[in-house]
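Here is a short report on one protein model. Keep the structure open as you read.

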Amino acid sequence: MMLKQITRIAVVSAVCAVSLPAETGKTIFTLETGYRATTAGPILATRDGRILWLTGGPDGMSPGTFAISRTELRESRDGGLTWSAPRILLRGNKSVVPGSMALLELRSGRLLHLTSLYGGYSQDHDVNKSLNEGYAQWSDDKGATWSRPIKLPTGERYLSSVLSATQLSSGRIIFPFGYLVGQHGQFMVSSLYSDDDGVTWKRSPSVLDVTGTGFESGATEPSVAELPGGRLWMVIRAQTGFHWESFSGDKGVNWTPAHESRFPASNAPMVLLRLRSGRIIAVWNHSVQWAYARHVLVAAATDDGKNFFGFREIDHTDYPLLTPEKYWGAMYPYLTEAADGTALVAYNFGDWNYNRAKLARLAPSWFEERALQEDFSEGRSAWCRLGGSGDALISPDDNEPGATLQVKQSGTALAGIVRNFPQIGHGVFRVEGSVNKGDGYLLWHDSFLYPGRVEESCLRVRFAADGRVFFGAGSPSRKSIEKPAWSPKYSYMAYPVNSEREYPVRWTAGKRFKLRVGCDTHSRTASVSIDGGAVVKVDLGEILGLSYFGVAATQGGNICVRRLSTSDSRAALP
């Protein structure tokens, strides 16, 4: 392991920025390094206006690439538009490779970098043959030079990935971590805390367990934020289709037993960040139908730790691949807050062996948006097909701006496309469209909908081939996933539509309809009507709200959507 002093270099790295006009307040940058695999690591907006970003590379991590792997530090002075040339902070050798976990600017002005040295994972899950220990290093000159890494007193040989640490209002530093316990790949969670800028640490006596067996099971990859009033909230990656959570009332010394939270998620981490305003944002993979479903990355926000809003998609992968096991991911986010209140989210886009480091800038107004207007004037950039097919933009049947989205099924291919919208907990969703041939479907869900799959959704409208219209709501039930031998034992909350109610009016081929959906998660009901006619109420499951909409067709169906709109009042929970 070699530590290299950093010197300032004026050369800048290439950056590609993409602003999405359909979503004001969000801009995404891709860091172009020329590497086969650039891994995004911790990002930090300093008080003097700089942005520091730690990245890894230049290839996928395997024993053969340990010696060429390195942690690089880049600096931006224009909000992430341009970056300094990489300055090598840590290098690997043939035995271990460095991996960044967190980067903090402490109140004292000191920079604290929490890193790890990875030496491999034993295929028989033996903790004594696996190595990934935590280390800390400091800079007292704004990142120009750094101390030699010093081992953290976790007492563990193998830590899970860590994506954040936090300094509390009291000045205490909290470093949450998962660690391998050697029981068929199971992990548990604990934490360290420091009151002297990370020079010395104490370990919490609490051990958090969510049970489980198999590779990467149990509790792992935690993140912590300070709630209003000073209580600490920890979220934990698990394999039950939801994140788990724990709380501390004594500044991180002791933690409550972990329990399942309300946030649907695959087997992937959620990262928390408390902003200067006191608002907390959470970023995670909001898809559940496969253990490693990491193809959509979303963000939500809360001002009180109880009521959450947003659930807005930052990015998604959108490839016509045939099996979910081969989907790339938008995954493993790292968060910081810029001087203007913008949330910066650094994340990975790829499959680890061919990866890109991306950076999203999310304005405060982006989280506040409660409404969506869609007429396809911006094409399908916000829509995701992910293995689906049969979608196309066609000329509209009116003279208004935009286009019409058509989903047409043929052969045996799944036909469908999906998009995210600001979550509706207490609000209205309106759709204008037409059906040329049944079966056509409109679907709503509390997490990502797989395009073309119509068996599961929180709410569904089906336009049957015989002209009838049916409304149905998915009945929540646990579903276990059949898995290959290497995969964890995974389950999620499924919403199979087992029963339907017929609407009293039939659809007419090619005729425009206007459908209105009212959603109230407090009463767990949705009310649906077509063309101002009869209102049919259906019972919803216990969900945080609706945030994904899908259009699908089966059995040769052909359905069109001309425009849609949403609105939400963000009513407080009782």
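In which sense do strand E36 and strand E37 pair, and over how many bridges? Strand E36 (residues 459–463) and strand E37 (residues 469–472) pair in the antiparallel sense, over 4 bridges. Take Arg462 as an example: its bridge partner in E37 is Phe470. Keep in mind that this is a predicted model.

## The open sheet

E36 and E37 belong to an open sheet of 7 strands. Its order is E30-E33-E44-E35-E36-E37-E40, and the pairing is antiparallel. Strand E30 (383–384) and strand E40 (501–502) stand at the edges. Each has a single partner strand, so one side of each is left without a neighbour in the sheet.

What holds such strands side by side? Strands of a sheet pair through backbone hydrogen bonds, either parallel or antiparallel.

## A covered strand

Now find strand E23 (residues 280–285). It is mostly covered, with 6 of its 6 residues buried. In a regular strand the side chains alternate between the two faces of the sheet. On one side of E23 are Ile280, Ala282 and Trp284. On the other are Ile281, Val283 and Asn285. All of these are buried, so both faces are covered.

E23 pairs with E22 in the antiparallel sense over 4 bridges. Val271 has Val283 as its bridge partner in E23. The hairpin of E22 and E23 has 5 residues between the strands, and Gly278 there takes a positive phi near 100°. E23 also pairs with strand E24 (residues 296–302), again antiparallel, over 6 bridges. Here the bridge partner of Ile281 is Ala301 in E24.

## Two nonpolar cores

In soluble globular proteins, nonpolar side chains tend to be buried together. The largest nonpolar core in this model has 44 residues. Leu442, Trp444 and Phe549 touch the most other members.

A second, separate core has 38 residues. Among them are Ile280, Val288, Ile481 and Tyr490.

## The second largest pocket

This pocket has a volume of about 880 Å³. It is lined by 34 residues. Leu104, Glu105, Gln167, Leu273 and Arg274 lie nearest its centre. Several strands give two or more residues to the lining, including strand E4 (39–45), strand E9 (97–105) and strand E22 (271–274).

What kinds of residue form the lining? They divide into 21 nonpolar, 6 polar and 7 charged.

Notes:
Residues are numbered from 1 along each chain as its sequence is written. This is a predicted model: local features need pLDDT of at least 70, side-chain atom pairs count only at pLDDT 80 or more; totals for chains, interfaces and linings use all residues. Side-chain values use heavy atoms; hydrogens and water are left out. Two strands pair if DSSP finds at least two bridges between them. On a 1 Å grid over the protein atoms alone, a cavity is a set of points where a 1.4 Å probe fits but cannot get out, and a pocket is an open set with protein on both sides within 12 Å along at least five of seven lines; lining residues have an atom within 4 Å of a point. Grid points are joined across faces, edges and corners, and a volume is the space filled by probe spheres set on the points. Ala, Val, Leu, Ile, Met, Phe, Trp, Tyr, Cys and Pro count as nonpolar, Asp, Glu, Lys and Arg as charged, and the others, Gly among them, as polar. A nonpolar core is a set of buried Ala, Val, Leu, Ile, Met, Phe, Trp, Tyr and Cys residues joined through side-chain atoms within 4.5 Å. Buried means under 20% relative accessible area, exposed over 50%, partly exposed in between (1.4 Å probe, protein chains only).
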